[in-house]
Amino acid sequence: MRPDLEIIQQWIKPGDHVLDLGCGDGTLLDYLQRERQATGFGLEINPDHITTCMGRGVSVIEQNLDTQGLENFDDAMFDIVLMTQALQAVRRPDKVLDEMLRVGSEGIVTFPNFAHWRLRWGLALSGRMPESEALPYKWYNTPNIRLCTFKDFEALCRQKGIRIRSRRVVDGQHQNSWLARLWPNLLGEIAIYRISREEE
Amino acid sequence: MPDSLPADSVGIVTPQSYHFDTPIELACGQTLESYDLVVETYGELNDDASNAVLICHALSGHHHAAGYHSMEDRKPGWWDSCIGPGKPIDTDRFFVVSLNNLGGCHGSTGPNSLNPATNKPYGPDFPVITVGDWVKSQSLLADRLGIQCWAAVVGGSLGGMQALQWSLDYPDRLRHSVVIASTPRLTAQNIAFNEVARQAITSDREFHDGRYYDFNIVPRRGLMLARMVGHITYLSDASMGEKFGRELREEAYKFGYDAEFQVESYLRYQGERFSESFDANTYLLMTRALDYFDPAYDHGGDLSRAIARASCEFLVLSFSTDWRFAPERSEELVNAMISARKKVSYAEIDAPWGHDAFLIPTPRYTDVFTAYMDRVAREVGA
């Protein structure tokens, strides 16, 4: 399993009701259903991914976060709402975060760090938009339209009163190196955040 | 029919009639003392009878869903595109049961059958049948066939309503409910179209208050009009436009009111063909069953409370250009299932053919349907 998914699954309690936003081919939900007896849904718009999910017994709903939001889900109906590597691809990440923590009591978010040293270095040196393993697209065709840094994300959480319960920073291979822990916004490529509403 | 049968066809099939003489109580309060159901089956029932799939038909459908009755048949069964070896409902793995519903006109007991009390056709005396009644009769058929639990109950349109009703009325007798191009209830517009169809039939002078059999006549014009208006709702503006556009049958306008546009002659042809093979009273009955279907009705209009009883998994599919039962109606159903914490998967298939798209094997439709049914088959060890 992908190391980031390995980290995420440790945060899922047995029997949790889970919503996975942009669930891809359903690998994570499939694993959580089998290993954690989790229930729940994935949302996806890619037709091939949807077919794969259905074939492996993952409940998947064809739904576009940008146009349809999460209005069809009731308040607090999930224990955990997941969003791996999709926050940077939605039109309004701030609103998606609000919705995640409306329909779920906890959220897990992963995204690529735009302040990683290699991206900074690339931009500084070449004057061109950076590309990396985590961000393999050209500026004109990238689905990643809302790139941010770890610091940006944490500032948004503070502003919204969202509590960061834990953060794991990993490199491109999703390895948890001590350097990335030491200097995350410069050396970390992908962060895995576990968030919830600030308790009153 | 080609000279040889296609490899992915179930081949030559023979319908079978089952007689039931235990009275069945209907939602309208009446009882049918005895009745027949005509059934076709494809594939083999496995040892633990776990691989059975029930096909529920729509308004004008019947038991002949796949294969051919003889080598002379021009066309295969109505859902041959989805039922057969290697097709989404794979007859190498599933035992498929398809019946003509009660009230139908293709061999099962209906308005054109003899009423044992009078020895004349029932006609208007045949009770109004509901989706719930159909499901009840289908459960009795399942008993007869030795099927305790369906691997899946599958249907499109009115058939999808039956698949949904199964999950509510017999929650422990199906593992999966596949609801395609359907709706949890008709809209006012849907009912309005049905009413126009019924008015077309009942206002035909040859309808004789539904006792036309006694006069050895058929209200052909009414039935034809009903089918014409229905047919329009099955297609999309785009697909009609592509098929006919404004094409004329001859080169110039004739400044009259005969069928000059291709679309007019197509509709007339479809209507005429239909009026030769379908019973007018059955058409009334089927449209009424559609109108009445509303599982949320007994739950204060709350669909998710109605669905709370279900314990199967659901697959819901809609088609982008279906305006009869639009994707929004399927989404309403899916959202109620989500609220009720049921397992449900949903896809909206991009297809230009309107409501009829559920009968046409577009690649994505076939992929999704195949993937889901493959998993159902694996689950029951088929």
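Two residues are in contact here if their C-beta atoms, placed from the backbone, lie within 7 Å. With that settled, some notes on the two chains.

1. Ground rules. This is a predicted model, so local features need pLDDT of at least 70 and side-chain atom pairs count only at pLDDT 80 or more, while totals for chains, interfaces and linings use all residues. Residues are numbered from 1 along each chain as its sequence is written, and chains are lettered from A and ligands numbered from 1 in the order in which they are written.

2. The annotated active site. An unreviewed UniProt entry lists B:Ser157, B:Asp322 and B:His355 under "active site"; UniProt positions are given in the numbering used here, feature names are shortened, and annotations may be inferred rather than shown by experiment. The three are spread over 199 residues of sequence, yet they cluster in space, with a largest C-alpha distance of 10.7 Å.

3. B:His355. Where does B:His355 sit? B:His355 is in the loop between E14 and H10 of chain B (helices, H or I with at least four residues, and strands, E with at least two, are DSSP runs numbered from the N terminus). Setting aside residues up to four places away in sequence, B:His355 touches B:Ser157, B:Ala181, B:Thr233, B:Tyr234, B:Asp322, B:Arg324 and B:Phe325. B:His355 counts as buried because it has 22 C-beta neighbours inside 10 Å (buried means 20 or more other C-beta atoms within 10 Å of its own, exposed 12 or fewer, and partly exposed in between, with C-beta atoms placed from the backbone).

4. B:Asp322 is in the loop between strand E13 (313–319) and H9 of chain B, and counts as buried because of its 29 C-beta neighbours inside 10 Å. Its contacts, not counting residues up to four places away in sequence, are B:Ala181, B:Pro327, B:Gly354, B:His355 and B:Ala357. B:Ser157 lies in the loop between strand E11 (152–156) and helix H2 (158–169) of chain B. With 27 C-beta neighbours inside 10 Å, B:Ser157 is buried too. Do check its backbone: phi is positive, about 60°, although B:Ser157 is not a glycine.

5. Another positive phi. B:Arg341, also not a glycine, has a phi near 60°. B:Arg341 belongs to the loop between H9 and E14 of chain B and is partly exposed, because 16 other C-beta atoms lie within 10 Å.

6. The annotated binding site. For "binding site", the unreviewed UniProt entry gives B:Arg227 and B:Asp356. Although 130 residues of sequence are spanned, the two cluster in space, the largest C-alpha distance being 14.0 Å. B:Arg227 is in helix H4 (residues 220–234) of chain B and is buried, with 24 C-beta neighbours inside 10 Å. Leaving out residues up to four places away in sequence, B:Arg227 touches B:Gln270, B:Gly271, B:Phe274 and B:Ser275. B:Asp356 is placed in the loop between E14 and H10 of chain B, is buried with 21 C-beta neighbours inside 10 Å, and, leaving aside neighbours within four places in sequence, is in contact with B:Tyr234 and B:Leu235.

7. Domains of chain B. The assignment gives domain 1 (16–185 + 294–380) and domain 2 (190–288), with bounds from an automatic or database domain assignment. Their C-alpha centres lie 26 Å apart. The contact takes 23 residues from domain 1 of chain B and 19 residues from domain 2 of chain B.

8. Where the chains meet. Which chain B elements each supply at least two residues of the side that touches chain A? The contact takes 17 residues from chain B and 15 residues from chain A. On the chain B side, helix H9 (327–339), strand E14 (344–349) and helix H10 (363–379) each supply at least two, and H10(B) has the largest share, seven residues. That side divides into eight nonpolar, three polar and six charged residues (Ala, Val, Leu, Ile, Met, Phe, Trp, Tyr, Cys and Pro count as nonpolar, Asp, Glu, Lys and Arg as charged, and the others, Gly among them, as polar).

9. H3 of chain A. The buried residues of helix H3 (residues 47–56) of chain A are A:Ile50, A:Thr51, A:Thr52, A:Cys53 and A:Met54. Their cover includes E14 and H10 of chain B, together with strand E2 (39–44) and strand E3 (60–62) of chain A.
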